Amino acid sequence: MSRLVIEGGAPVCGSIAVHGAKNAVLPILAASILCDDGVNVIHNCPDLRDVNITIEILRYLGVKVTRMGNTLTIDARKRLGCHIPEHLMQQLRSSIIFMGAIVARNHKAKISMPGGCELGPRPIDLHNKALAELGCTIKEKKGYLFVRARKLKSKTLTLSFPSVGATENTMLAACLTPGVTVLENAAKEPEIVDLANFLNAMGASICGAGTSTITIHGVTRLHAADYTVMPDRIAAITYLCCAAVTGGNITLHNTVPEHLETALSELAKCGCRVEAQNHTVRLVAPPRLMAIENITTAPYPGFPTDAQSLFLAMLTLADGTSSICERIFKSRFKVAEELQKMGASIAVQADHAMISGVSSLKGAQVSACDLRGGAALVIAALAAKGTTEIDNIHFIDRGYDNLVANLNHLGANVKRI
Ligand code: UD1
């Protein structure tokens, strides 16, 4: 089993380009099966575990996928399968997005329940309810979902919570459905906009993505597209936190500063100098970060839950007491225990964490417990005195392309063993 060995203490300085967004490329790959007319070409696809598992799912369904660097070509012209087995579904949460896509293409699907990081309960009731409203019958038997829709029907539906995945599933199921589907209380995340842009590039007619009302005019057929995936906003925030916590100075290229606004404003409150221009963000860290209070995670444009663990790690070294409230995923504070092994002082009570800043962390043997929790340990290790060994790094591999090389390029001392 691989581990990361990090010698802390070096400021993270220099410039890198941020890879394509994991959470955008996964639904875009699922959407590509809706095109039975030509070959999709998708650029800026990061080489990471969740993307590679999604490619395995596509191949299982009978899709021809080839990779050349960060460009994937997807040929879904042949008759596609309807079934995704448990061993593939269980490897990532976003495998559930295939439900809407397969049903739109084949009118039936048999998929097992999805897996993914253990962040507390991750039900799929909103996905099921939305698809049922569009005319699907969904039966659960022995861990499998059997979905059927002889004829999907358009309608106006409202999500009781703006779930990212349920919004994506609805868009996928509705774009080939005759008539007008209106989704209210939709998620507004930039990755939703990227999915809509990709579907529209294939000839779909979707407007309102990025607002809470998305309108989908059903079209009869989609054609192939050439599309570039948006930059990964959570990877960008990760590198910014690495620089902030080590007293560094970093320039990130291939970013969309607008997507990072909430995180950038919190980093500025910590005393970082942050400049954003076109597709570049620069951060200069102060000698010591200041504590910040009342970070509360919320759907976009609120503070992203995926950045919560990253800030938790960074704030362990801030001057004063910080507080974080986690409103989206119950178990996101699991990493606090690992950070405590490094000398952090964090008190967790239900969905609140109080972080009393310490003047230094020490290297320790720690274990990643989920993707962003793993990245949080990297952030802490870069700033700690001595050597930190992180195991279970398969979690980190889910979401970061070239992490070790990037960090070493930025002056850190990281080895993968
Ligand atoms: C996506 C992201 C994930 C991010 C999350 C919130 C991908 C691949 N993953 O996950 O990185 O942390 O958005 O920004 O894009 N919920 C239900 N019932 C449902 C669906 C969701 O109760 O049917 C709840 C979840 O348990 C959670 C909240 O809604 O508490 C948000 O989940 P959702 O927005 O669906 O997140 P994901 O799409 O799973």
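Two rings of Phe, Tyr or Trp (for Trp, its six-membered ring) are counted as a pair if their centres lie within 6.5 Å, and the planes of a pair are called stacked when under 30 degrees apart, edge-to-face when over 60 and tilted for the rest. The structure, a predicted model, holds two aromatic pairs by this criterion. In one of them, the ring centres of F198 and Y227 are 5.6 Å apart and the planes stand at 65°, so the pair is edge-to-face. This pair links distant parts of the chain, with F198 in helix 7 (residues 190–201) and Y227 in strand 14 (residues 226–228), 29 residues apart. Helices (H or I, at least four residues) and strands (E, at least two) are DSSP runs, numbered from the N terminus. Both F198 and Y227 are buried, where buried means under 20% relative accessible area, exposed over 50% and partly exposed in between (1.4 Å probe, protein chains only). The rings of F303 and F311 have centres 4.9 Å apart and planes at 85°, so this pair is edge-to-face. F303 and F311 are both buried.

Residues are numbered from 1 along each chain as its sequence is written. Local features of this predicted model need pLDDT of at least 70 and side-chain atom pairs count only at pLDDT 80 or more, while totals for chains, interfaces and linings use all residues; side-chain values use heavy atoms, with hydrogens and water left out.

Charges placed over rings were examined next. A charge sits over a ring if NZ of Lys or CZ of Arg is within 6 Å of the ring centre and within 35 degrees of the ring normal. The charged end of K110 sits over the ring of Y144, at 4.9 Å from its centre. K110 belongs to strand 7 (residues 108–112) and is partly exposed, with a relative accessible area of 30%. Leaving aside residues up to four places away in sequence, K110 touches C82, H83, I84, Y144, L145 and F146, contact meaning heavy atoms within 4.5 Å. The C-alpha atoms of K110 and V147 are separated by 6.3 Å, although the two residues are 37 residues apart along the chain. K141 lies over the face of F146, 5.7 Å from the ring centre.

The structure holds 15 salt bridges, a salt bridge being a side-chain nitrogen of Lys or Arg within 4 Å of a carboxyl oxygen of Asp or Glu. D75 and R77 form one of them, with their closest N and O atoms 2.9 Å apart. D75 is buried at 17% relative accessible area, whereas R77 is partly exposed at 46%. Another joins the side chains of R273 and E275 (2.7 Å, N to O). R273 is partly exposed at 46% relative accessibility, and E275 is partly exposed at 37%. In the salt bridge of D319 with R288, the closest N and O atoms are 3.7 Å apart. D319 lies in the loop between helix 10 (308–315) and strand 19 (321–325), and R288 in the loop between strand 17 (280–284) and strand 18 (295–296), so the pair ties together parts that are 31 residues apart in sequence. K22, D50 and R398 are linked in a network of salt bridges.

An open sheet of four strands has the order 18-19-21-20, with mixed pairing. Strand 18 and strand 20 (345–349) are at the edges, each with a single partner strand, so one side of each has no neighbour in the sheet. Two strands pair if DSSP finds at least two bridges between them. Strand 20 and strand 21 (residues 352–356) are antiparallel over five bridges, and I346 stands opposite I355 in strand 21. Helix 10 packs on the sheet, touching strand 18, strand 19, strand 20 and strand 21, and its direction makes about 165° with that of strand 19; axes are lines fitted to C-alpha atoms, for helices over the stretch in contact, and angles run from 0 to 180 degrees between N-to-C directions. Strand 18 and strand 19 pair in the parallel sense over two bridges, and T296 has C325 of strand 19 as its bridge partner. Four of the five residues of strand 19 are buried, so this strand is largely enclosed by the rest of the structure.

Another open sheet of four strands has the order 10-11-13-12, with mixed pairing. Strand 11 (residues 180–184) and strand 13 (residues 213–217) are antiparallel over five bridges, with T215 in strand 13 as the bridge partner of V182. Helix 6 (residues 164–174) lies across strand 10, strand 11, strand 12 and strand 13, running at about 20° to strand 13.
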